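Hello,

Here is the structure I promised to pass on to you. Have a look at it first, and then read my notes on how its chains meet.

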Amino acid sequence: MGKIAFKLILAFSLVGLLTKSAYTQDKDGDKMLGVWEVGSGKARVKISKYGEKYTGKIVWLLNPKSEDGTPKVDKNNSDESKRSVPLLGNTILIGFEYVGDSKWDNGTIYDAENGSTYSCVITLADNNTLEVRGYIGVSLFGRTDTWKRVIIKKRD
Amino acid sequence: MNFKKISLFVLLTIFCFRPTKLMAQEEEDYSQYEDVEVTGKPTKNYCTSKIVGISPSKLISVGYDFQSANTLSAGSYANFGSQETEIQYNSGLRLMANVPVISNVKWLVSVGANYAETKYKFSPETVPINPLVKTLSANGLTTMGINTTVFKPLNEKTFILAQTSLDWNGDYGLLEIPNSDQLKVSAALLIGRKKHERLMIGYGITRTYRGGQRLYVPVLLYNYTFVNRKWGIECLLPARGAIRYTVNSRNMLFAGFELEGNSYRLNNMMEDSPSLPPYKALELRRSEIRTRLTYEFSVYKFLWLSVQTGYRINYKFNMDDGEFYGRKQPFISENKLGNPFYMMVSLNLVSP
C-alpha cells in the first residue's frame, strides 16, 4: 500500500513539474504577444498564437493607400494569385516557436516591399522591444529590425 | 419529420464547422490600431541604407568576364622596342563576397573580399618580344583585395557612408602570393540625406585608382526611384551610373557605365626583363569606361543571375616608374589598347 502511495505521489509530482515547466515556457513564450511597431514606423504588426505557433499580421499602415487612392495590395508577391490581397490584414510572420531564452525561431518573415520571404529569428530585448532578424541561409546574411511594443488607447 | 431532422442536422453541422477565425479576421476593426501609445523608452528613428525599388545588393558573386578581339600597341621603353599585337580575347574570373557583420538600425558594417583577373590570349602569330606583351601573355593582370563598408545613420534623414579597400594589383597569377609593394589603398567618405523613401543623395571625397593612378576626387551618390516605381537611377559618380527599369521585383534592366581602372605593379615583368636604366617600380596605369546593358533576374529565391554586355573604351594603359600622386614625369612608355565588345555573366546571392 505504501509503495503504491509513493508511486502515485511521484507520478503526480512529475506531472506537476512538467505542467509547471510547460506553463512557465508558455508564459515566457507569450511575452511576444501584442501589437508592435516596426523600426521604420510604417507598419504595426499584431502577434498572436495559434496552437504552439506564433504568427503576426499587419494591422496598421502609415500609408495605407496606393497612389491611385485604393488600399495597398501585396503587388510584389511572387505568387500572382496573391497580388490583389490587401496588405492590411496580411500575415507576415509565420510558424514561430518559442525556443527559450527570450527567443522565437523556425519561422519566416515576409517583406511585402520586395515580395521575398526570409528565415527569421526574433529576440525579446526587453519587455517592450523585439529584435527581428530576417536572413537567408545562415543568420550572418541578414538584417535586424527593432520593433517597439504599442498599447492601443481605449476609446471613450 | 425526417426532412426536418436532416435539415436541423445540416444546419448544426454548418454552424459547428463555420470558419470562425476567418470571420473574426474579416470583421476585425483595424481602426483601433490607429491610436496607440509606444511603450518603453522613446526610440529614435534612423534611415535605412536602401531606397524603395533599388536593385538588391550582392553578398556573394561568382562571375566571368569575356572581352572580344582587340589590339595592343605596346610602346617602346628603355632598350626594348615597340610591338603591335592582336589579342584574340581577354577573359577572367570575377569573385566577390560582401558579408554584413553588424546589421541593425544604428549600424551597418560589412566586410568583403574580391578577386578579378584579366587574361590576355594573343593571336598564335604573336611572338612576345616587348616585356609588357610577355608578362600579359604569361600572367595577365590580377586584383585581389579586402574591403569594409560602414553605413551610419545619424537620424531619420542623415547618414554617413565610409568605405576602405586594400587591393593588391599586379602581373601575378592566382597561385602567387602578392607582395606588399602591390598594395593600393582606396577610400571614400560621404555624408548624405535620405530625403524620402525613394531618394538618397550623398556627397563626399574619394581616394581612388579607377583613373589608373591615385586620385582624390569628389564623389556623388544619387539613388532615386520614380513615383511609378518602374524607373530609377543608381549612381555613385564618377565610378558608376545606371538607369534602372524594374520589370517586376525579380527582373531588372539597367543601362549605364562603369569606370574601371587600377594601377598594377609589374614585378614579374621586371624580373623577366631587367632593363637599363634599372627601374625600381614599374606601374601599369589602366583605366577604361565600360558602357553597358545589364539584365538581372532571380533564378531561385535569392540567387540572381546577371548578364551584362557592352563596349569597353580604354583610355589609359601606360607605364610609370613608381607609385605617386599627380603627374611628375612623362610616362615610361605609352601603350594603346583597342576597344572591344565585352560580356560578363555572374551568379549572385543577394541581400535581404
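Let's begin with charge: four salt bridges cross the interface of chain A and chain B, each being a side-chain nitrogen of Lys or Arg within 4 Å of a carboxyl oxygen of Asp or Glu. One example to look up joins B:Glu28 to A:Lys57, at 2.5 Å from N to O.

Before going on, please note that this is a predicted model, where local features need pLDDT of at least 70 and side-chain atom pairs count only at pLDDT 80 or more, while totals for chains, interfaces and linings use all residues. Residues are numbered from 1 along each chain as its sequence is written, chains are lettered from A and ligands numbered from 1 in the order in which they are written, and side-chain values use heavy atoms, with hydrogens and water left out.

How many residues take part? In chain A 40 residues are in contact with 35 residues of chain B (contact means heavy atoms within 4.5 Å). Together the two chains bury about 3400 Å², with 56% of it on carbon and sulfur atoms; this is the accessible area (1.4 Å probe) lost on putting the two parts together, summed over both. A:Ile136, A:Phe141 and A:Lys153 supply 17% of the area that chain A buries against chain B, more than any other three residues.

Within β1(B), B:Glu37 is the bridge partner of A:Ile151.

Enjoy exploring!

Note on methods: Pairing = 2+ DSSP bridges. Helix = DSSP H or I, 4+ residues; strand = E, 2+ residues; numbered from the N terminus.
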